[in-house]
Amino acid sequence: MADVPKLVFGAISAPSRGVLVVFCDDGLKFGPATRKVLGAAADLVQRAAKSERFAGKRGASLDLIHPEGMKLARLTVVGIGKAAEVKPRDFVRFGGVAMGKVPAAAAEATIVAELPRGSMTADEAADLAQGALLRAYAFDRYKTRRKDEDKAPDKRTLTIAVGDAGTVRRAYARREAINDGVTTARDLVNEPANVLYPEEFARRAAALKKSGLTVEVLDVRAMKKLGMNALLGVGQGSAHESRVVVMRWNGGKKGEAPVAFIGKGVCFDTGGISIKPAASMEDMKGDMAGAACVTGLMQALAARKAKVNAVGLIGLVENMPDGNAQRPGDIVKSMSGQTIEIINTDAEGRLVLADVIWYAAQRFKPKFMIDLATLTGAIIVALGQEYAGMFANNDELAERLAKVGEETGEKVWRMPLAAEYDKMVDSKFADMKNTGGSRWGGAITAAQFIKRFVDDKIPWAHLDIAGTGMDSRQNDINRSWGSGWGVRLLDRLVADFYER
Ligand code: BES
Ligand code: MN
Ligand code: ZN
């Protein structure tokens, strides 16, 4: 597997080989240190810009191969657009764009962390490095052949050239922990379901004990004892046993109630007896993106020794059609005691969450809880892939999530909850049914269903990440399908609550 490059922070000087990436604004203006590095080549850049009609627009770039007067293989100039419009959240993106200009075959690359106005702050340069490494991620462990131009050298080095390497290195430490969490989440989402089934997922989560997490795995027997029949019903048609994993990180005040993160972990969703059509069904290997995010987040919190008590709970099942599979019309009794009529076995995620959310609240009495789930196609119809759907019983939590969403670029859009929608999940035969009975407002009725398992005294938010957790469009900081969406968002939320 092509590893991400080794990251080095160094002083700003003209590198004598490899690829050099520098930034300019829409006036083709460079920072003072960058000008020094370019030396006589600065004039060459101006001429090349003219003939290539490169104007320094945000995200645009100009490549010079073996630029005269420099010893480099390649010089790339990346535009930042109007310097005055650059916002703190842009630096991760800039890092991604810069890294994207480095050919896979390059053994050495240097990015100069300077804007026309001068040196980047430690946080800006560390964000730049974070974005560059997120961009460098590739999931290629199953590729046994490769085109020549994609062949990566054994060792790749990325140097971030900065004014004060020491402070930037320190600022980067927590981002490294977060990136490792994002990588974990992406890997889990990208893994195929023949490799990553509930027990294997649980094993990988348990391996995070080495990061300092306490990890407990509940097997079917334990879940039966607890009465998690809503979750168990989903998994009963699978050859693979279901699991619930509880991950804990206690970095906060002793005895203080934890915050709780709950993830939908449907390792593969065929739809069950209400089977899905064949087109794109392979994407349903990623129906555990919520659980992947929770796992990556918990790893990140532990690795950066966050000053918080946090629990992560994931419900791991496989939804298969089978002689033992659950049927439409079946009625199950959830751990909460409430009964559920199964109308559609493809509305399985909410059944898993119902029991895990209930369990989390009973056992941990959390300060707030947030669940993440690739829950409905309807949220993709509503919001596309830019924003995740957010449902909340608490305005403060919703506002904080919206704010950190804008800051990290993992954006959430609040959707409504209301008694009229709640009524739609009433059932003739049981306390509720597992669909709203109509496709209209499908993401909302799903959220209303989950809300019936939430104690309104606990602030709660539900994030429907069906559109954001898997993403085949490539963007500046992710070229792979699994996005790792939510790790940076929730890490920032925790920091906002506990560390500011
Ligand atoms: N995992 C799917 C939702 C999904 C769809 C995620 C596409 C990502 C991409 C979920 O379990 C599901 O099948 N939901 C149904 C619910 C319906 C049967 C009420 C849906 O959205 O169609
Ligand atoms: Mn489904
Ligand atoms: Zn599903």
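How many salt bridges does the count come to by the distance rule? The answer is 41 salt bridges, each being a side-chain nitrogen of Lys or Arg within 4 Å of a carboxyl oxygen of Asp or Glu. This is a predicted model, where local features need pLDDT of at least 70, side-chain atom pairs count only at pLDDT 80 or more, and totals for chains, interfaces and linings use all residues. Residues are numbered from 1 along each chain as its sequence is written, chains are lettered from A and ligands numbered from 1 in the order written, and side-chain values use heavy atoms, leaving out hydrogens and water.

- Aspartate 26 and lysine 82 pair up with their closest N and O atoms 2.9 Å apart. They sit 56 residues apart, aspartate 26 in the loop between strand E2 (19-24) and helix H1 (32-38), and lysine 82 in the loop between strand E4 (74-79) and helix H3 (90-100). Helices (H or I, at least four residues) and strands (E, at least two) are DSSP runs, numbered from the N terminus.
- Arginine 243 bridges to glutamate 199 at 3.5 Å between the closest N and O atoms.

- Arginine 243 is buried at 11% relative accessibility, while glutamate 199 is partly exposed at 27%. Buried means under 20% relative accessible area, exposed over 50%, partly exposed in between (1.4 Å probe, protein chains only).
- Aspartate 26 is partly exposed at 35%, and lysine 82 is partly exposed at 47%.

**A network**

- Salt bridges also link Arg141, Asp187, Glu191, Glu200, Arg203 and Arg204 into a network.
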